[in-house]
Amino acid sequence: MELSKKYYKISEVAAILNIPASTLRFWEDKFTLIKPHRNEHGTRFYTPKDIEVIRMVYYLVKEKGLKLDAAQEQIRNNHSGVSRKHKAIERL
């Protein structure tokens, strides 16, 4: 799916990925790579790059069944490999 906007609110990201906003907030707390921009009111704004990272987390946690620590380590140590696998599966 092509993302056309520069920033997305948490409700939009939740709808795009079909996961609850509470899961996004939880993952933001657990994964150092997920750091959306915030305005002065605390509203989160995700970039398309942030959404790609969240898609990788989703793939590792929900589809591959990894625990959060293992998923974070996998992304940290093999970011390009995880990204390639995720994108290949997404095309199927």
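Visitor: Why is R44 called buried?

Guide: This is a predicted model, to start with. R44 has a relative accessibility of 18%, and buried means under 20%, so R44 counts as buried. Its place is in strand β3, residues 44-46.

Visitor: What does R44 touch?

Guide: Leaving out residues up to four places away in sequence, R44 touches Y8, K9, I10, R25, E28, P36, H37 and R38.

Visitor: What makes the R44 and E28 side chains a polar contact?

Guide: The distance is 2.6 Å, and the cut-off asks for N or O atoms within 3.5 Å.

Visitor: Which parts of the chain does the pair link?

Guide: Distant ones: Y7 sits in the segment before β1 (8-9) and F45 in strand β3, 38 residues apart.

Visitor: Why are Y7 and F45 called partly exposed?

Guide: The label covers values between the 20% for buried and the 50% for exposed. Y7 has 34% relative accessibility, so it counts as partly exposed. F45 has 21%, so F45 counts as partly exposed too.

Visitor: And why does K5 count as partly exposed?

Guide: K5 has a relative accessibility of 37%, so the label is partly exposed. K5 lies in the segment before β1.

Visitor: What does K5 touch?

Guide: E12 and P48, not counting residues up to four places away in sequence. With E12 there's a side-chain polar contact of 2.5 Å.

Visitor: How do you know that the buried residues of α4 lie on the same side?

Guide: In helix α4, residues 68-77, A71, Q72 and I75 are buried. They cover an arc of only 100° around the axis, which puts them on the same side of α4. An α-helix has 3.6 residues a turn, so residues three or four places apart point the same way. On the other side of α4, D69 and N77 are exposed.

Visitor: Why is N18 called exposed?

Guide: Exposed means over 50%, and N18 has a relative accessible area of 69%, so N18 is exposed. You'll find N18 in the loop between α1 (10-17) and α2 (21-30).

Visitor: What phi does N18 have?

Guide: A positive one of about 60°, although N18 is not a glycine.

Visitor: Stepping back, how many helices and strands does the protein have?

Guide: Five helices and three strands. From the N terminus on, the elements run β-α-α-β-β-α-α-α.

Visitor: What share of the contacts is between residues 24 or more positions apart?

Guide: Such residues account for 53% of the contacts with a separation of 6 or more.

Visitor: And how much of the protein counts as buried, and how much area is exposed?

Guide: Of the 92 residues, 37% count as buried. The protein exposes about 6,000 Å², and carbon and sulfur atoms supply 49% of that.

Notes: Residues numbered from 1 in each chain as written. Predicted model: local features only at pLDDT ≥ 70, side-chain atom pairs only at ≥ 80, totals over all residues. Heavy atoms only, no water. Helix = DSSP H or I, 4+ residues; strand = E, 2+ residues; numbered from the N terminus. Buried < 20%, exposed > 50% of the residue type's maximum accessible area, 1.4 Å probe, protein only. Polar contact = N/O pair within 3.5 Å; in protein donor to acceptor, adjacent residues only side chain to side chain. Contact = heavy atoms within 4.5 Å. Arc of directions from axis to C-beta. Areas by Shrake-Rupley, 256 points an atom, 1.4 Å probe, with all protein chains shown as cover.
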